[in-house]
Amino acid sequence: MSNIRKIYFFNFFWLFSVLLPVLYPYYRTLGIDMNEFFQLQSAFGLTVALLDIPMGYFSDQFGRKLIIALGAFFSGVAYIILCFATDFQWLLAHEVLLGVALSFISG
């Protein structure tokens, strides 16, 4: 399989985001209110905004394949954190790490 097909395959499943429709109800079971939910989403967006351009530079310096692999690794770690998250701080760590992962993959 060519690299282009591998990238399309990876992006399809990574961006499929079957978790998003159940994210807020799951956060509610952990005691997160709407204000905290939007704070978490803001932390995610801010992380992506701050790291997207530097990750593009690192991608040029160290190779795109390595940066995508690191992004996939950080995404996996972020979802492992989500499995064990019990409060706002753990969810914040999840969202920030997921933002780092997205920056690595899209940069």
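**A pocket to start with**

How much space lies in the second largest pocket? About 190 Å³. Here a pocket is an open set of points on a 1 Å grid over the protein atoms alone where a 1.4 Å probe fits, with protein on both sides within 12 Å along at least five of seven lines. Its volume is the space filled by probe spheres set on the points.

The lining (residues with an atom within 4 Å of a point) is made of Asn3, Lys6, Ile7, Phe10, Arg64, Lys65, Ile68 and Ala69. Helices H1 (3-15) and H4 (64-84) each give two or more residues to this lining.

**How to read the model**

This is a predicted model, in which local features need pLDDT of at least 70, side-chain atom pairs count only at pLDDT 80 or more, and totals for chains, interfaces and linings use all residues. Residues are numbered from 1 along each chain as its sequence is written, and side-chain values use heavy atoms, leaving out hydrogens and water.

**The whole fold**

The protein has five helices and zero strands; helices are DSSP runs (H or I) of at least four residues, strands (E) of at least two, numbered from the N terminus.

**A look at helix H3**

Helix H3 covers residues 34-62, and its 29 residues should span 42 Å at 1.5 Å a residue; the end C-alpha atoms are 40 Å apart, which agrees. The expected span is 1.5 Å times one less than the number of residues.

After H3 comes Gly63, with a positive phi near 105 degrees.
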